[in-house]
Amino acid sequence: QVRFVESGGGLVQPGGSLRLSCAASGITFSNYAMSWNCQAPGKEREWVAAITSAGGRSKYADSVKGRFTISRDNAKNTLYLQMNSLKPEDTAVYYCNAVDYGLGHTLLYDHWGQGTQVTVSS
């Protein structure tokens with residue numbers, strides 16, 4: 001079955017860095033564009049970044065552009081999010097999923113993982 005397992009979150013001070021990982025299984029990973037999304041307490045889940053199936057193109061929400069970098073290793077069925085210059089407002093649970101890169105729609109809506117908690121606090 002389809003499964004996404006996010007990891008790499010933690011508690012960091014403002015200005016710090018984290019590298020999140022998303023291990024995918026149950027799909028032909030290299031066939032899918034992928035995205036990172038976040039959800040803060042009391043807020044809707046928001047899109048953060050996306051990358052094409054081969055990793056040739058990527059795009060970012062304005063709030064993270066220049067600070068975060070999305071990447072993937074198709075041989076390892078793994079998606080990454082390098083998070084630099086972290087801000088308190090980045091605090092959220094981060095999730096990955098397959099997406100339509102052009103339309104911005106989540107493709108495996110019923111298969112969200114548990115997410116990984118990122119907390120940015122001094």
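## The largest pocket

How do the residues of the lining of the largest pocket divide into nonpolar, polar and charged? The lining has 9 nonpolar, 3 polar and 6 charged residues. Here Ala, Val, Leu, Ile, Met, Phe, Trp, Tyr, Cys and Pro count as nonpolar, Asp, Glu, Lys and Arg as charged, and the others, Gly among them, as polar.

Before going on, a word on the model: it is predicted, and local features need pLDDT of at least 70, side-chain atom pairs count only at pLDDT 80 or more, while totals for chains, interfaces and linings use all residues. Residues are numbered from 1 along each chain as its sequence is written, and side-chain values use heavy atoms, with hydrogens and water left out.

The largest pocket has a volume of about 230 Å³. Of its 18 lining residues, C38, E46, S63, E89 and D90 are the closest to its centre. Strand 4 (33–39), strand 5 (46–51) and strand 9 (92–100) each give two or more residues to the lining, and strand 5 gives the most, with 3 residues. Strands (E, at least two residues) are DSSP runs, numbered from the N terminus. A pocket is an open set of points on a 1 Å grid over the protein atoms alone where a 1.4 Å probe fits, with protein on both sides within 12 Å along at least five of seven lines; lining residues have an atom within 4 Å of a point. Grid points are joined across faces, edges and corners, and the volume is the space filled by probe spheres set on the points.

## D90 at the pocket

D90, one of the residues closest to the pocket centre, sits in the loop between strand 8 and strand 9. D90 is buried, with a relative accessible area of 6%; buried means under 20%, exposed over 50% and partly exposed in between (1.4 Å probe, protein chains only).

The side chain of D90 makes a polar contact of 2.7 Å with the side chain of R67, and also reaches the backbone nitrogen of K87 at 2.7 Å. A polar contact is a pair of N or O atoms within 3.5 Å; within protein, one must be able to donate a hydrogen and the other to accept it, and residues adjacent in sequence count only if both atoms are side-chain atoms. Beyond its neighbours within four places in sequence, D90 is in contact (heavy atoms within 4.5 Å) with V64, R67, F68, S85, V118 and V120.

## The cysteines

How many disulfides does a search of the whole structure find? It finds 1, and this disulfide joins C22 to C96, S to S 1.8 Å. A disulfide is a pair of cysteine sulfur atoms within 2.5 Å. C22 lies in strand 3 (residues 18–25) and C96 in strand 9, 74 residues apart. The torsion about the S-S bond is about 65 degrees, so the disulfide is right-handed.

C22 is buried at 0% relative accessible area, and C96 is buried at 0% too.

## Loop residues to look at

Most residues other than glycine have a negative phi. N77, in the loop between strand 7 and strand 8, has a positive phi of about 50 degrees although it is not a glycine. S85, in the loop between strand 8 and strand 9, likewise has a positive phi of about 50 degrees. N77 is partly exposed at 29% relative accessibility, and S85 is partly exposed at 41%.

Technical notes
Helices (H or I, at least four residues) and strands (E, at least two) are DSSP runs, numbered from the N terminus.
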